[in-house]
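Biologist: Please take a close look at one part of this model, the charged pairs. Which side chains pair up, and what surrounds them?

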Amino acid sequence: MPFPFKLKNYRSPLVGPLQQKAMVWWRRQSPSRQDRFATLGPLISVLLFLMAIILAFWYLRNEEVERETEAVKRDTEIAQQQIRLRLIENQEQLVRIAREIATRATDAQEFSTQAATFARERPEITHVTWLSSRRDRRASVSAAGFQADSLMVPDGNDPSMPMTNQSNAPTLAFEAARERRAPVYSAPFRDANNTTVFQIQVPLLDRNGFSGVVIAEYSVEALLRYYIPSEVASRHVVSVLDSGEQVVSSTVTPMPGKPTKLPSILHEVPLAPALNGLVLRGEGYRSSFGLISNTLFWMVVALSTLTVWMLLGTWRHMRRRLQIQNALSSEMNFRRAMENSMLTGMRAMDMESRISYVNPAFCAMTGFSEAELVGRKPPFPFWPPDRFEENGRLLAQEINGRSPAGGAEVKIMRKDGSIFDGRIYLSPLVDAKGKQSGWMTSMTNITEAKRVRDQLSASHERFTTVLEGLDAAVSVLSVQQGELLFANRSYRLWFGADPAGHAQLSGSQLGRSAGPDVDEEVDDYSGLPAQHLTETGSDPREVYVESLEMWFDVRSRYLQWTDGRLAQMLIATDITTRRKAEALAASQAEKAQMTSRLMTMGEMASSVAHELNQPLTAITNYCNGMVSRVRNDAIQKEDLLAALEKTAKQAARAGQIIHRIRNFVKRSEPKREAANAYDIVEDAVELAGIELRRRNVAIHTYIAQRLPQLMVDPILIEQVLMNLLKNAAEAIDNAGLPASRRHIELRVVPKHTPELGGHIDFSVTDMGPGMPEEVISRMYEAFFSTKSDGLGIGLGLCRSIVESHQGRIRAENLYNGDAVVGCRFAFSIPVDISRTEVPTGASVSGTNQIATP
């Protein structure tokens, strides 16, 4: 196609190179693209022409609207200026009249004369009234210039009269004039004739202050009628609107019963200088037709549309022809590419079972070329010789329509003689006229898939065998449906096939069925994050099944079942024997604790007897002395009372010793309760003091103030302290140390470490000979003791008690250089250090007790 652009008449230096470049670009395009550009050129020209017409109409319409808008604005402002000048002139006249009244130069009769002249010359004024400061009418002149006795009567119903204790427009204007001492315009209101009016109230100011007002009432309709220029009224509608956007008066009276057409052009200005909420609005209308109503515009649009439609039709026809050609070529290329790239072997046969087509994938599978297969009849060369009869029978079944839905598995022999498994699907080959012309066969190599399937089957069998052989119950329950998906032999032995056993072990009600009693709006698991649930497990739980009288250690986790459903798997291990062993061990530990306390008291028997002998001896002496003096009448009443009080104190002391010993050795269940470290230490030191005094060992105690409360068994902690103090005293006494080293230090302080957190640290430090390293490493072993008569359960029991309270116990030798100068036993009990409490009786930071023989 020749180049459509002719630029021969323009040979400027710029046009020449551009023409050359355009011609080069045009020759580079293919014929189809040249046809497309040749068609699109006229189409674009028509669209540009239509756009130019639309823009021209739009521009002319906007010009007309702008002119009309300016005219409406100008006329509205002219009307506003005329009314403004008239109101200002009237206001000046009223101010002059008010000034004459205030200077006593005018009385009521003379005011009536001036007001009549003023009203006759101004038809927009309905009446002029003089009111006193008490709202009494002094004079009132109507619009006709006559005295109106019925106007502005205080006891009447005239809405123009400012009344007391009311909030109408005249009253508000009266109060504003009295306060501002300046002329005030009232808001518009309806007068007695139901005409919209407003007032100007000019205050009367004499030497005494405010003495009344002069009121001039304007008719809004008269203002428009007399002061809107006739040329303005003939061009545009001028209306007055109140604050509620309602038309009060207009230069054009609307037809009754017909809806008023909304003007397209509006301009509003305030009614100056009143500024009382009235708005002057000018209205205008467009005189020209819009685009929708313009016949010429629609004729141009119709002709342009027809031209565009014809050009588009031509372009589509050319495109359709080109598309058909390309489609035929693309389809042939696509079919060939699809056949060559397909991994599934395709084979076509005619009605006589003769091979008419094979694709490259089929040739690659069998190893035979297309020439070796096309035209062959059964038996085919890729059939194994020992399976001719079987494969022939399968082919006959498929041709007769009895092939299985999932295809048939056959053995295929390659050209090199190797065998592989294949799956064949046979379907009728129908031509474009709907007539069957043969059969189409697709074949896939399933050797690897079959091998994987066999391995999965064997793996599943092994996995099932392992689960069935476990002593633990394994079950999988669907979360949404509550269906038991899997249960091994142990689960079925204990719970049968009931999913309630799974829910009993998990401690929840999973998989509630959607029965009639279930709220359909409640879906506890619809929003579960399945991926996060299946990636995390849960802490093990110990569950007691009452029906079986068995304890189970239950571990659970969420997983995604083979069909995608969210499921919960439980592994429940029978721990009944372990729980019984733990209960037996706890009972034995309790007996060991009791035995240890009894042994401690047994070892301290002589010391306790000596301790009790002192108050008993004192009681005996006091009693004998009192009896002797009573017989001789040599005792006064005051002396007798003093002796009795001392006797009672000694008896209480003996009773307190027996009470503490009884509490220490009595058998009771371990019970955690809130306890103060000060009270525990005080009881332990008092009991241990008996033994310490017998061994001539001193004890120094230091208890920090504001210690937090302990959640412990006080008797057990007291037993630990007793054992540590008794062992320290025995070590000092057996070593025969001098008096300077015969003392023990007991410290109780709060501490905080990263390992244990907040805890209270109890430490018992002696100045004895210390312990060998081998003894320190074995001192917590059961039945290990360095004493000839020891049983070896004291320190082991102390360790068990401390660890049962989640604490730690430790021992170390104290050194001075290389010499051992003592030993320290310490144990810690965890507490919340933020909760502190000053112990009862601990008024100082430390106490010092010394036991003497």
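Modeller: K751 and D761 form a salt bridge, their closest N and O atoms lying 3.9 Å apart. A salt bridge here is a side-chain nitrogen of Lys or Arg within 4 Å of a carboxyl oxygen of Asp or Glu. K751 sits in strand β24 (residues 743-753) and D761 in strand β25 (residues 757-766), so the bridge ties together parts 10 residues apart in sequence. Strands are DSSP runs of E, at least two residues; helices are runs of H or I, at least four; both are numbered from the N terminus. K751 is partly exposed, at 40% relative accessibility. D761 is buried, at 3%. Buried means under 20% relative accessible area, exposed over 50%, and partly exposed in between, with a 1.4 Å probe and protein chains only.

The model is predicted: local features need pLDDT of at least 70, side-chain atom pairs count only at pLDDT 80 or more, and totals for chains, interfaces and linings use all residues. Residues are numbered from 1 along each chain as its sequence is written, and side-chain values use heavy atoms, leaving out hydrogens and water.

Side chains of opposite charge can pair when their charged atoms come close. By the salt-bridge rule, the count comes to 29. E409 takes part in a bridge with R423, where the closest N and O atoms are 2.6 Å apart. That pair links distant parts of the chain: E409 is in strand β13 (residues 408-413) and R423 in strand β14 (residues 419-430), 14 residues apart. E409 is partly exposed, with a relative accessible area of 35%. R423 is buried, at 17%.

E409 also meets R453 in a salt bridge, at 3.8 Å from N to O. This pair joins strand β13 to helix α11 (residues 447-469), across 44 residues. R453 is partly exposed, with 41% relative accessible area. Elsewhere, a network of salt bridges links R86, E89, E121, R122 and E124.

Now the nonpolar side. A nonpolar core is a set of buried Ala, Val, Leu, Ile, Met, Phe, Trp, Tyr and Cys residues joined through side-chain atoms within 4.5 Å. The largest one has 48 residues, and L710, I744, F762 and F827 have the most contacts inside it. Helix α19 (residues 714-735) gives the most to this core, 10 residues. Leaving aside residues up to four places away in sequence, L710 touches residues including I760, F762, I829 and V831. Contact means heavy atoms within 4.5 Å.
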